Amino acid sequence: MKTSIKNIFTILSVLAFSVSFAQNIEGTITDSQKNPLGAANIVIKGTTINTITDESGKFSLDTNSKKLPFTLLVQYVGYKTTEIEVTTLPIPVLEVSLKEENELIEVVVSSRRRIEKVQDIPIAVSVVTGKQAEQAGAFNVNRIKELVPSVQLYSSNPRNTGINIRGLGSPYGLTNDGIDPGVGFYVDGVYYARPAATTLDFIDVEQIEVLRGPQGSLFGKNTTSGAFNITTRKPSFTSGADFEISYGNYAFLQAKASVTGALGKKVAGRLSFSGTQRDGLIDNVATGRATNTLNNQGIRGQLLYTPSENTNIILAADITTQRPDGYAQVIAGVAPTNRAAYRQFDAIIADLNYQLPSRNAFDRKIDQDTPWRSGQDMGGISLNIDTKIGGGTLTSTTAWRFWNWDPSNDRDFTGLQVLAKSQNPTRQTQITQEVRYAGQLTSKISGVAGVFFIDQTSQTDGTEESGSAQWRFSQSTTSNLWKTPGLFEGYGIHTDARIRASSAAVFGQIDWAITDRLHVLPGVRYNFDKKEANYSRTTYGGLQTNDPALIALKKLVYSDQSFDSSTDDTDFSGNLTLTYKFSDKINAYATYAKSYKPVGVNVAGLPTPPAGKTLGDLAVIKPEDVNHYEFGVKTSPFRNSIFNLTFFNTDIKDFQTNVQAAELGVNRGYLANADKVRVRGGELDASFVFSQHLTINAAATYTDGKYVKFTNAPLPLEETGKTENGVQVAYKDVSGSDLPGVSKWAGSLGGELSDNARFFGNTGKIFLGIDSYARSEFSSSPSASKYLVVPGYAIFNARLGFRASQGLSVQFWGRNILNKDYYEQLLPAGGNAGHYAAVLGDQRTYGITLKYSL
């Protein structure tokens with residue numbers, strides 16, 4: 001009996017020793033040169049179980065029977081933290097080589113639908129990681145432009161948002177839903193058709209890739225100017241969580257959270273949230289409260305299913321809401337026009353016994369009496385399936401998305417009841433399907449090929465209504481009939497505008513390695529586009545009268561209008577790139593691309609057609625024909641450095657542009673074609689890690705954008721009312737003038753100084769960072785006006801704090817720390833009475849951010 005008990009005890013001891021031994025993890029930690037790293041920290045993520053390496057870089061970690069799976073974090077100050085997922089025990093002896101922090105030449109992208117080093121691909125692309133965006137306070141695209149100066153974003157409200165790269169992409173001014181954006185916006189492979197998406201807060205972003213130039217052979221939706229390729233953080237089978245909260249002046253409050261982990265053996269999930277609130281930055285003296293607040297909330301959920309090691313399936317859903325009291329514009333000035341003296345703005349408001357609350361926009365005061373409302377909801381659901389087949393991956397991305405827009409605007413920008421109502425709520429839905437295969441096709445050829453389909457519908461039910469002061473702003477003769485009581489009060493238009501747009505495409509690009517150094521990359525695209533638009537505008541209200549003279553006056557302000565248009569078009573486009581790798585540190589490429597932007601339709605009011613033309617003629621907008629040339633060189637002059645140069649020239653025939661008419665009924669503007677434009681310039685991207693303590697980033701762009709030929713451009717603001725030989729002039733030849741929204745020079749410069757530190761027991765870095773962004777002046781009008789020129793400006797942002805990969809991080813930050821007054825956009829009031837308003841850049845803001853990572 002004693003012998004049996006002894007044997008059992010021996011067996012149990014051996015088993016216990018075996019289990020203990022099986023759960024003991026050993027390894028060696030070195031740098032990239034295989035030098036041992038002593039005192040490196042190895043910790044089981046989410047626990048206090050840890051150890052450090054000895055002088056030879058070796059370690060042994062007792063996992064204390066930690067339940068599988070779990071993740072090891074390997075940390076060493078000055079080096080990137082490495083994560084190792086442990087799913088079974090025992091595991092082989094680990095040999096881990098850590099990379100220095102910010103090892104820039106190792107940045108990888110998925111722009112060509114496969115993982116590649118950014119320095120190896122023959123595309124001008126800027127990469128902003130999610131961490132970089134967080135550190136710079138860039139929580140939406142409008143702030144990303146401060147890091148990537150080739151990007152321009154203009155937004156007088158979410159609907160009226162345009163995003164351009166190198167000055168091209170969307171017509172400058174108010175948005176018209178009848179044309180496609182030239183800059184593609186993708187989140188996890190899903191195309192977002194509405195530019196309003198660029199005003200939303202990022203939710204749990206992993207990386208932002210900004211591709212410059214035509215990318216029609218790589219992406220499902222045609223892109224003539226470039227693309228934003230945004231990826232979010234994916235679900236993980238290892239549990240983890242991040243919590244972040246920021247507080248600043250003007251009651252700024254931002255909260256972010258993300259949790260992830262296994263839900264089953266083959267299922268993992270991630271749930272992410274972002275919310276931002278802030279008080280207003282502009283005082284409304286009429287209401288006694290500040291306007292232009294922030295009020296954004298967004299949530300995103302993802303489920304990852306891995307039926308096999310070669311297949312990943314992700315089901316994702318998101319919804320974001322915005323409910324700001326905001327996007328009010330401030331009167332920035334008054335331009336004298338060519339109209340009669342009694343039709344000048346100052347004469348008009350004098351007759352109405354009205355004065356502006358301030359003539360200095362940077363007093364940030366308004367007295368507007370129509371509420372500013374900019375409510376929007378955007379969201380959708382997507383299913384992405386990746387399956388490895390042969391040497392590549394077959395991907396299917398199916399998505400449904402919606403956008404609801406609920407606005408109210410004061411488009412006269414004054415406290416007078418001129419436009420008592422200006423609101424065009426819109427409902428948009430889209431369905432997209434993309435299937436593509438990307439990977440290695442033969443030993444010498446790799447590439448991507450795919451098909452894409454999108455069907456979208458948009459419906460706008462708008463209202464615009466005159467107030468008691470409308471008669472004086474619309475008065476175009478000295479007749480006393482204009483003073484008829486109640487003639488225009490409550491007189492307005494109801495608008496029903498609908499559009500359905502469908503597009504299908506086949507696209508592909510191959511990379512043929514003629515030699516190890518010389519590659520040829522041809523790409524092709526065949527596209528079909530169809531658009532149907534219905535527009536109806538009916539008048540209502542005002543004084544009910546049978547007097548023909550009074551009716552004629554009312555029609556000078558608003559008139560009934562309707563038109564239908566249907567058009568379709570096909571296009572074959574493509575590109576050819578030659579790339580030659582002179583050495584491991586020098587990679588050069590040259591590209592020619594023939595691209596196009598699809599046919600467009602007007603779905604807003606149109607001006608009275610000129611002689612010989614009908615509304616139907618003005619309703620359809622010709623497609624753009626794009627010829628693009630580019631040469632670039634990517635270099636790494638020394639270790640941990642990037643110095644890239646790009647030169648480009650883009651010629652566009654039948655350029656789609658947005659023009660502003662003097663007729664009040666088309667105060668949203670309408671689309672037209674300019675005969676030809678040209679944009680040329682150069683770009684520089686540079687990043688340097690001088691040591692583990694100092695990093696410098698710089699980017700600069702020179703852009704020369706011209707109307708080569710545009711003979712039927714609208715009149716600039718100051719020439720409104722111009723006559724020649726007693727005949728009203730409607731158009732102007734602006735050939736040779738600058739494109740709107742394009743600065744000759746723009747650039748960013750930033751750096752960070754850091755040192756090793758420990759904070760609350762966590763290993764990390766204490767840091768001081770400064771970022772700057774500058775741009776030269778630019779025209780803010782489709783036809784250059786000396787009054788609508790935005791002066792150049794420069795702003796500076798700063799941050800100071802402690803950063804750790806796990807545990808608590810803290811950051812103090814300030815934006816526009818020198819409190820620079822600057823305009824982001826200038827725009828004339830409806831009816832072109834002479835006054836114009838500004839979208840103001842934010843004044844100085846500052847605050848603190850706390851982040852805790854598990």
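This is a short talk on one protein chain, given as a predicted model.

The protein chain has a mean pLDDT of 87, and 93% of its residues reach 70 or more. Where in the chain is confidence lowest, and where is it highest? The lowest value belongs to helix α1, residues 2–22, with a mean of 42. The highest belongs to strand β48, residues 789–790, at 96. Across residues 1–22 the pLDDT is below 50, and this stretch has two contacts in the model beyond near neighbours in sequence. Please keep that in mind when you look at the start of the chain.

Let us move to the charged side chains. How many salt bridges does the structure hold? The number is 40.

Arg-300 belongs to strand β22, residues 294–308, while Asp-188 sits in the loop between β13 and β14. The two are 112 residues apart, and the pair links distant parts of the chain. Are these residues buried or exposed? Both Arg-300 and Asp-188 are buried.

The second pair is Asp-738 with Lys-706, whose side chains meet in a salt bridge at 2.8 Å, N to O. Asp-738 is in the loop between β44 (731–732) and β45 (745–759), and Lys-706 is in strand β40, residues 694–709. They stand 32 residues apart, and this pair too links distant parts of the chain. Asp-738 has a relative accessibility of 31%, so it counts as partly exposed. Lys-706, with a relative accessible area of 22%, is also partly exposed.

Because Arg-799 lies in strand β49 (residues 793–804) and Asp-771 in strand β46 (residues 762–775), the pair ties together parts that are 28 residues apart in sequence. Arg-799 and Asp-771 are both buried.

Salt bridges can also share partners. Which residues are joined in this way into one network? They are Arg-166, Arg-212, Glu-630, Glu-683 and Asp-685.

The phi angle of Arg-166 is near 60 degrees, a positive value in a residue other than glycine. Asn-353 likewise is a residue other than glycine with a positive phi, in this case near 55 degrees. Asn-353 is in the loop between α4 (345–351) and β25 (365–366). How do the surroundings of these two residues compare? Arg-166 has a relative accessible area of 4% and is therefore buried, whereas Asn-353, at 73% relative accessibility, counts as exposed.

Next, consider Asp-204, found in the loop between β14 (190–191) and β15 (205–212). With a relative accessible area of 15%, Asp-204 is buried. Its side chain makes a polar contact with the side chain of Ser-258 at 2.7 Å, and another with the side chain of Ser-272 at 2.6 Å. If we set aside neighbours within four places in sequence, Asp-204 is in contact with Thr-232, Arg-233, Ser-258, Arg-270 and Ser-272.

We now come to helix α6, residues 548–557. Which of its residues are buried? Leu-550, Leu-553, Lys-554 and Val-557 are buried in α6. These residues cover an arc of only 100 degrees around the axis, and therefore they lie on the same side of α6. Pro-548, Lys-555 and Leu-556 are exposed, on the face turned away from that buried side. The buried residues of α6 pack against β30 (445–466) and α5 (470–474). At the N-terminal end, Asp-547 caps α6, with a side-chain oxygen 2.9 Å from the backbone nitrogen of Ala-549.

Why do we call β24 largely enclosed by the rest of the structure? Because four of its five residues are buried. β24 pairs with strand β52, residues 835–840, in the antiparallel sense, over four bridges. Within this pairing, Gly-333 stands opposite Tyr-836 in β52.

Thank you for your attention.

Methods
Residues numbered from 1 in each chain as written. Predicted model: local features only at pLDDT ≥ 70, side-chain atom pairs only at ≥ 80, totals over all residues. Heavy atoms only, no water. Buried < 20%, exposed > 50% of the residue type's maximum accessible area, 1.4 Å probe, protein only. pLDDT = per-residue confidence, 0-100. Contact = heavy atoms within 4.5 Å. Polar contact = N/O pair within 3.5 Å; in protein donor to acceptor, adjacent residues only side chain to side chain. Salt bridge = Lys/Arg side-chain N within 4 Å of Asp/Glu carboxyl O. Arc of directions from axis to C-beta. Pairing = 2+ DSSP bridges.
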